[in-house]
Amino acid sequence: MTKQQSRQPKDESRRRFLKYSGAAIGGAVVGGVIGGLVGRNLNKAGKNEAAPPESTESPAVQRDQDYNQALMFFSQEQFQTAEAAAERIYPQDNNGPGAKALGVAFFIDHQMAGAYGFNAREYMSPPFYKAEASQGYQLTFKRRELLALGLDALNEYSQQKHAKKFPKLTPEEQDAVLTAFEKDEVDLKDVPASAFFAMFRNLAIEGVYADPLYGGNRNMGGWRMRNYPGNQMSYTNEIEKEEFIKMEPLSLHDHLQMG
Amino acid sequence: MMANKLPKVPVVIVGMGWVGGIIAAELTKAGINVVGLERGKSRSTQDYYHVHDELRYASRYELMQDLSKETVTFRNTEKMRALPMRSYGSFLMGDGLGGAGVHWNGQYYRFLPYDFEIYTKTVERYGKNKIPKDMTIRDWGITYDELEPYFVKYEQMSGISGPPELPDHVGHMSKPFATPPMKTTPAMKLFTDAATKLGYHPYIIPSANLSQDYANPDGIERAACQYCGFCERFGCEYGSKADPVVTVLPVAQKSGKFELRTHSNVTEILHDGKKATGVKYVNTLTGQESVQPADVVVLAGYVFTNVRLLLLSKLGKPYDPKTEEGSVGRNYAYQVNGASTSVYYEDREFNLAMGAGALGSSLDDFNGDNFDHSDLKFIHGANIRFTQTGLRPIQYQPASADTPRWGQAFKQETIHNANRILGVSGQGASMPYRYHYLDLDPEYRDSLGLPLIRLTFDFLEQDRELVKFIAQRTKEIAEGMGAAKTTMNDTIKQYNIVPYQSTHNTGGTIMGDDPDTTVVNNYLQMWDAENVFICGASNFPHNGGYNPTATVGALAYRTAEGIEKYIGKGGSLV
C-alpha cells in the first residue's frame, strides 16, 4: 500500500489538469470546469494543513465553535434520543468515531427541517391504501412526523420497560429497544415502529457518509475509516494502478476554495 | 386563463433528451425550423461544479423528475390495486434539459441482430412451442443491418470509446468506434482473464465517457474522462460523458433554426382524428397555457411520457389485454437483473472509489441466442459484466446477508469490505407478456389533475430461469478471479418497485410492421397519424440484455431521416 498526498488546489497536477481541460474544451460550446473554480475568496489561510485530528469530545467543548451545530427541528430531548440511537446504529469502536462524534444527530435534525423532512419532492396526495410490500411506502406520515413520533416512542417504550428514558439506558438495553422497533414487536398506538426504524437507520448511515457540509461526517471522519477519498477531481493517473492508494479526502468545502 | 395560440411551426418536439436533441440537430442542419419543448429547466456543465455530492444527487435525486408533480402507479397484476410510486426506487425518471441522457452511465451496446428478429429466429431454431403462452415477442419491423448506419451516426456524434474489434457473435460494425477503449483497471483484468480461461469472449465495455479528447463531425470538442467516479445519477462537469447538452443541442442552437422553450410541460397532442395539428403545453412557472400548431409533432419523452401523452390525447388505440386488441401501452418490459456473484478478497484492496460510468468489461457468450437454449426454460440471456463505476459510501454498504444491518458488526464489516469486493453480474433481457402493459390510472392524478400512467408488471418463470442460469455463469467466472470466497445470487422474486434496479423501462409505443398491434412503423412514424413521430425506448417490442441508449440513439437518427422524408413528400413512409 502506498500513501499518497491528495492533490491540493495549487499544486502542479491541478494546474496541469486545468490547462489541459481548458485546451481540450475550447470554451466555445461546452464551458467546462474553468469558470467554476475561479477563486471564491474564502479563508485560504491554513487550508493546506493536515486534516484536523479526530475528536471524540463533545463538539461543544471544541475550541473552534461550529455554529452550524444547533437544532432546526428536534426538541432537545428528541435530539438526545436521536444521538443515542444513532450511536447504537453506528457505534464508536477501534475503527474510529461513532455517529455521535460524527455529528449524525445534527445531520438528521437538519435534514428533517428541510425539503426531505417534508417529503417535498414525493407524491403525498391521497388516497392512501394498504399496500403490498412490492408497492413501497404508502403511509400518510411525512418523514419529520414519523421521526418525531418514533423518537418519542423510543422514550415511552424505554420508560415502560426500564423506567428510564432511552438515552439513560445501557447500550445493551438500547439495542434491545431498537431491535423491538426494528421487528415491530412494540405495541404503541399509531406508531409504525419498523418503518420508523428503517428510516432512522438510513438517515444515520447517510449522516456518517454524506459530505460534511450537511452536518454529519464530521471532519470527514466517516470517509477516513473507509479510505473513501471524497470529492477528488481526477483519478486519470491512478485508475490503472495495481496497489491500493490511500488519499487524504477532499470535501465540497475544499472544492469551493480551489482557485 | 386563455390558452395563448402561437404561430405554426414546421416541427415541434416534446422532450429535450437524447431523442429530442438528436432530431433537433439533424433537422436544423437540414434547414428545417424546430421548436423544442422541455418541461424541466435548462442545464449546462457549469451546474455540475459541485456535483460530487452523493447525498444531493444520488440519494435525494437532484436531477430527477419531481414526483410530487407526477409519478406512476404500479401493481404486479391486474388483481391488485395500483398505488402511486410515492418516492423513488426501482427506476429514475430524468428531468430538465438533456433528460435521462444527463444522469446515465454511458454504457453503450448496440442491440444484437437477434433482438430485431427475435420471433423469427426463435421459431426457426426451436419451433413455435419454445415461446410460452402469453409471451408476446415479435420482430421489430427493422433488421440490424438496416439500423446499422444509424448506430454509426450516434457513435461518431458522441465519440463512443471502444475496442477495435468486437467478438463475432455481436453485430458487425461497418466503422470502428470513434475513440479507443477506456483504460483497464486491475479488477477488469481479473474478470477478463478468468472469462478468457473459460473460453468466453470478454471485451472492454463501449463507453460514452470519452477515453481521449474528441472532436466530432459537427465540430463539437470534448475533453477526456477523468475517472472521477460520479456518472450515474450525476451530470458530468467536464462534458466528457456524452449527453445531449454537450453534443447535439449546441449544434441545433448554432443553426439559428432552433427555439428551445424550457419549463414547457406538454399536456396534449391536438389532432383531428387523422393528423395532429399541434400540442398544448403549460408553462410550469407561470401556469400559462399555450397552443403550438405544427406540421409535424415529435414525441421524444421517456417511455411513460410518450405513452401517457397518446392516451391523454386519445390518439391511437389503447391496448386491451383482455382482447389483445389495440396498441398504445402494449409490451411493457424492463431489465432482468439479479444474477450475480460477489467476489471477496481478504489480502487485497482495489481502488473502487475510482471509476467511470461505463468502465468495465463484459461478454455476450450468454446473451441473445449466442448459446443453445434447446434444454433451457427461457429464451434470450444477459450481458455478463464487471463494472467499476465508482463506489460511494452512502449507497454502498457491503455486508453479507447474515450480518446485522446495524451496530458494531455492521460497521466493522462494511468498513472492512469497502474496497475488497468485486461484482460479476448479468444484465438480463426482459420479454414482453400479454398482461404487462401501461394504461391510465383510474384514480390517481398529477398536479394538473391529469391521470397518472399505470404500470402492470411482474417477473415470471422466464425471468427466474434466466437468472438461475446466468448466475451460474457469473459464479464460474468469479471463481477464477483468485478471491478468498464468492457468494452467488441466483433468485429473482416478485417485482418490487422499492429497491433501485434499472432505468431501462421499455415498450408502450412499439414499432413493427402491423398497424393494428404496433404504434409506429420503422421510421417511428405513427400508423394512426402520419405527421406524428414517436421515438425512444418506448419503441422496443422487448428489452435486450443491454443498456438501451445505443439503440434509442440509432432509432432517433432513423426518425430524423423519416421526418425529413415526410416533410418532403408526405404520406406514409412505408
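I looked up B:Arg75 and found it opposite B:Thr456 in E19(B). This is a predicted model, in which local features need pLDDT of at least 70, side-chain atom pairs count only at pLDDT 80 or more, and totals for chains, interfaces and linings use all residues. Residues are numbered from 1 along each chain as its sequence is written, while chains are lettered from A and ligands numbered from 1 in the order in which they are written.

Next I checked the strands themselves. Strand E4 (residues 72–75) and strand E19 (residues 451–456) of chain B run in the parallel sense, paired over four bridges. Pairing here takes at least two DSSP bridges between two strands. Strands are DSSP runs of E with at least two residues, helices are runs of H or I with at least four, and both are numbered from the N terminus.

I then traced the sheet: four strands of chain B, open, in the order E5-E4-E19-E18, with mixed pairing. Its edges are E5 (83–84) and E18 (437–445) of chain B, each pairing on one side only.

**Chain B as a whole**

I noted 11 helices and 22 strands in chain B. Its radius of gyration is 23 Å, close to the 25 Å from the globule rule for 574 residues, so chain B is as compact as a globular protein of that length. The radius is taken over C-alpha atoms, and the rule is 2.2 Å times the number of residues to the power 0.38.

I also looked at burial: 61% of the 574 residues in chain B are buried, meaning 20 or more other C-beta atoms (placed from the backbone) within 10 Å of the residue's own.

**Where B touches A**

I found 65 residues of chain B in contact with 62 residues of chain A; contact means C-beta atoms, placed from the backbone, within 7 Å. H9(B) gives the largest share of chain B's side, four residues. By class, that side has 27 nonpolar, 24 polar and 14 charged residues. Ala, Val, Leu, Ile, Met, Phe, Trp, Tyr, Cys and Pro count as nonpolar, Asp, Glu, Lys and Arg as charged, and the others, Gly among them, as polar.

**A helix pair in chain A**

Last, I checked helices H3 (residues 76–89) and H5 (residues 143–162) of chain A, whose axes come within 10 Å and cross at roughly 80°. H3(A) and H5(A) are therefore roughly perpendicular, the label for 65 to 115 degrees. Among the residues making the contact are A:Ala82 of H3(A) and A:Leu151 of H5(A).

Methods
Buried ≥ 20, exposed ≤ 12 C-beta atoms within 10 Å, placed from the backbone. Contact = placed C-beta atoms within 7 Å. Axes fitted to C-alpha atoms, helices over the stretch in contact; angles between N-to-C directions. Parallel < 35°, antiparallel > 145°, perpendicular 65-115°, else oblique.
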